[in-house]
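Keep the structure in view while reading.

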Amino acid sequence: MAAEVSVNAMQRVVVLGSTGSIGVSTLDVIARHPDRMSVYALSAHSRMESLAAQAAACGAAVVVVPDDAARARFLAAWGGGATPPEIRVGAQALADTVAEDACDTVMAAIVGAAGLPSALAAARAGKRVLLANKEALVAAGPLFMRAVREGGAELLPIDSEHNAIFQCLPHGARASAPTEPAAGVRRLVLTASGGPFRRADPADLGEVTPEQACAHPNWSMGRKISVDSATMLNKGLEVIEAHWLFAMPPDRIEVVVHPQSVVHSMVEYEDGSVLAQLGQPDMRTPIAYALGFPERIGSGVGLLDLARVGRLDFEAPDFARFPCLRLAFEALRAGQAASVALNASNEVAVQAFLEGRLPYTWIARVIEAALEWQAGRSSVTLADLDGVLALDAEVRAYAGDLGLA
């Protein structure tokens, strides 16, 4: 049975990746409800000054940093005066912290494969897991969902699209780790903004700069996820996530481009009904929904003025403009190893693009090469986290050998 957080008890939250955009929004929502939730621990990878400021503001008892150098930087940023929080160091400290009895809710918002071990540890410990880390499902979907079931965890998706689907599913379908699609559901429809290049001629994308790719028209996000949104690889990862979160076959998951980013996703039922979740493009909405579930609590998000929005447009995605989305569907159908390869090669390619070492249009080429390389290898074992991380490392090395590193 899934773990439940009492609506009357003080909710004690660990925020992994607290200095990123999701972490910042999470702390904003928590601060609005001091009577029902508090911060137990925070973690960050590089922004020690921001982490120190956050810990001081929310009164975190623990912070987790990657190494001793980061610990020294945190203490320097903390300065004199008040006693600093307990400082823990390393990846194992992350896993140990989320498993402690002192916390019951974990915001898993560390970007990339680095967030996998701690998200798995939270699931195994039976926590309420607010999942904002894509890799937990993209690279380790079967492993993670099994950990949720066996640990008795409660899994609440934070991506606006999956959160929208979760809200639109029937109440009886809200199991943490379903093994089959919800009864009566015909398909899931994920919406995508189309990013900054929705109308761009594919022939012109070779000259795209990192600044242009990161200029999302609707959402304020980190640089890596902004590039993923521009290529629509992000939407492809969300398709894979939806498959695992809702036990939905790939041929019953669709993507539609919706530039206004008002409809966050839809669920179509067998009787023809379509339920959609609408809201402003502000991540505090799904975060507040997950923190307050099953109640609804204030998020700080203002009213949605549909008259001012004026119109809601929808169109099919153009795979010539967004080949990464096509590759994601192919990877999902090919199996878990292909999904690992998709994610790992994309991370390497996007980093190379952001550093000026790779043209924008070559991101898809690197991913396609990695998928072909993976398909030609003998079978790999992905039964545990070590197997997943080993394949992830091999794919990254292969992508690096393409001249990107």
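## Two crossing helices

The crossing of helices H2 and H3 is right-handed. This model is predicted. Helix H2 covers residues 48-58 and helix H3 covers residues 68-78; their axes come within 8 Å and cross at roughly 55°.

Why quote both an angle and a distance? Two packed helices are described by the angle between their axes and by the distance between those axes.

## Strands S2, S3 and S4

Both helices also take part in units with strands. S2, H2 and S3 form a β-α-β unit that is right-handed, and S3, H3 and S4 form a right-handed β-α-β unit as well.

Strand S2 (residues 37-43) runs parallel to S3, and three bridges join them. Here leucine 42 is opposite valine 63 of S3. On to strand S4 (residues 86-89): this strand is joined to S3 by four bridges, again in parallel. Valine 62 faces glutamate 86 in S4.

Which way do the residues of S3 point? In this strand, residues 62-65, Val62 and Val64 point one way while Val63 and Val65 point the other way. All four of these valines are buried.

Strand S1 (residues 11-16) pairs with S5 in the parallel sense over four bridges. Within this pairing, leucine 16 has alanine 108 of S5 as its bridge partner. S5 is also joined to strand S6 (residues 128-131) by four bridges, and these two strands run parallel. Threonine 105 stands opposite arginine 128 in S6. From S5 the chain passes through helix H5 (residues 116-124) to reach S6, in a β-α-β crossover that is right-handed.

## Glutamate 295

Where does glutamate 295 lie? Its place is the loop between helix H12 (284-292) and helix H13 (306-309). The relative accessible area of glutamate 295 is 34%, which is between 20% and 50%, so this residue is partly exposed.

The side chain of glutamate 295 makes a polar contact with that of arginine 36, at 3.1 Å. Glycine 152 is 143 residues from glutamate 295 along the chain, and the C-alpha atoms of these two residues are separated by 21 Å.

Key. Residues numbered from 1 in each chain as written. Predicted model: local features only at pLDDT ≥ 70, side-chain atom pairs only at ≥ 80, totals over all residues. Heavy atoms only, no water. Buried < 20%, exposed > 50% of the residue type's maximum accessible area, 1.4 Å probe, protein only. Polar contact = N/O pair within 3.5 Å; in protein donor to acceptor, adjacent residues only side chain to side chain. Pairing = 2+ DSSP bridges. Right-handed = clockwise from strand over helix to strand, strands pointing away. Axes fitted to C-alpha atoms, helices over the stretch in contact; angles between N-to-C directions. Left-handed = near helix turned anticlockwise from the far one by under 90°.
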